[in-house]
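Here are my notes on the model, point by point. Have the structure open while you go through them.

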Amino acid sequence: MKLGLFTDPHTSTKETSCGTRRPAMSYGKIREAMEAFRDAGADLVVCLGDLVDECDTMEENITAITELSAMIRSFGIPFECVMGNHDYQNFPREEFRTYTGSAAEVIRFGTKTLCFLDANYADTGEIYRRNALDWTNSYVPADQVCALRELLAQPETDEAFVFVHQNLDPEVERHHIIRNAEEVRTVIRESGKVKAVFQGHYHPGKESVVDGIPYHTFPAMCEGEENRFFLVEI
Ligand SMILES: [Fe+2]
């Protein structure tokens with residue numbers, strides 16, 4: 001199975017943000033990535049979150065995500081996006097899912113099971129809301145931990161891959177790490193079935209091996225003028 005991956009494009013109308021980010025370039029970068037994924041015969045494209053960032057008005061936010069989603073969909077490749085904190089700053093989950101057409105929590109592909117987690121919750125269990133979220137406080141709520149454990153225990157789950165915006169890797173800068181990452185890593189380790197974990201959020205990126213499992217944090221597409229996207233065979 002060929003996976004096209006990219007993360008943290010932070011697409012918006014803003015030319016620069018936070019000094020080093022170039023959000024207005026991301027539409028073109030994503031199109032370039034989609035062309036490469038199409039040419040390589042990718043079976044699925046996954047964005048690891050922060051697909052969008054804030055424009056100056058909500059109207060512009062809606063136009064930006066509508067145009068971006070239409071462009072991505074025009075390639076005809078299945079597309080999923082695990083939401084990031086900036087996606088939640090722009091839109092509640094159901095709205096984001098409607099605009100992007102991405103709502104999968106599990107995808108089965110032959111013997112492979114792809115699990116998509118949403119860590120956009122505070123450790124109180126409260127889901128992120130616009131202007132009411134602290135990006136340093138991310139959490140996978142109990143119902144998702146439980147569902148992941150059950151999914152991994154199913155006999156039809158042979159090889160599994162986990163996708164989440166924030167970081168389960170304990171080796172990235174600590175503010176980026178999900179508060180109950182250790183609990184989720186324990187479920188992953190004990191299943192014996194997870195072959196890789198894919199994350200975004202920590203913009204420099206990081207490659208780690210924890211409990212013998214590769215934890216890939218991909219570098220952010222929005223940083224600088226250079227494009228970053230990845231084709232992974234799983
Ligand atoms: Fe980001």
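1. His10 first: this residue is buried, with 28 other C-beta atoms within 10 Å (the cut-offs: buried means 20 or more other C-beta atoms within 10 Å of the residue's own, exposed means 12 or fewer, partly exposed is in between, and C-beta atoms are placed from the backbone). His10 sits in the loop between strand E1 (2–6) and helix H1 (26–40). Helices (H or I, at least four residues) and strands (E, at least two) are DSSP runs, numbered from the N terminus. Its phi is near 50°, a positive value in a residue other than glycine. Most residues other than glycine have a negative phi.

2. Some housekeeping. This is a predicted model, in which local features need pLDDT of at least 70 and side-chain atom pairs count only at pLDDT 80 or more, while totals for chains, interfaces and linings use all residues. Residue numbers start from 1 along each chain as its sequence is written.

3. Asp211 also has a positive phi, near 55°. Is Asp211 buried or exposed? Asp211 is exposed, with 12 other C-beta atoms within 10 Å. Look for Asp211 in the loop between strand E8 (206–210) and strand E9 (213–217).

4. Now the sheet. It is open, with 6 strands in the order E4-E5-E6-E7-E9-E8 and mixed pairing. Strand E4 (106–109) and E8 are the edge strands, each pairing on one side only. From one strand to the next, the twist averages 15°. Pairing here requires that DSSP finds at least two bridges between two strands.

5. Helix H6 (residues 181–191) lies across strand E6 (159–164), strand E7 (194–199), E8 and E9, and runs at about 150° to E7. For such angles, axes are lines fitted to C-alpha atoms, for helices over the stretch in contact, and values run from 0 to 180 degrees between N-to-C directions.

6. How do H5 and H6 pack? Helix H5 (residues 142–153) meets H6 at an angle of about 5°, with the axes 10 Å apart. The two helices are therefore roughly parallel to each other (angles under 35 degrees count as roughly parallel). Val145, Leu148, Arg149 and Leu152 in H5 meet Glu183, Val184, Val187 and Ser191 in H6, where contact means C-beta atoms, placed from the backbone, within 7 Å. The contact residues divide into 5 nonpolar, 1 polar and 2 charged (Ala, Val, Leu, Ile, Met, Phe, Trp, Tyr, Cys and Pro count as nonpolar, Asp, Glu, Lys and Arg as charged, and the others, Gly among them, as polar).

Methods: Two residues are in contact if their C-beta atoms, placed from the backbone, lie within 7 Å. Angles under 35 degrees count as roughly parallel, over 145 as roughly antiparallel, 65 to 115 as roughly perpendicular and the rest as oblique.
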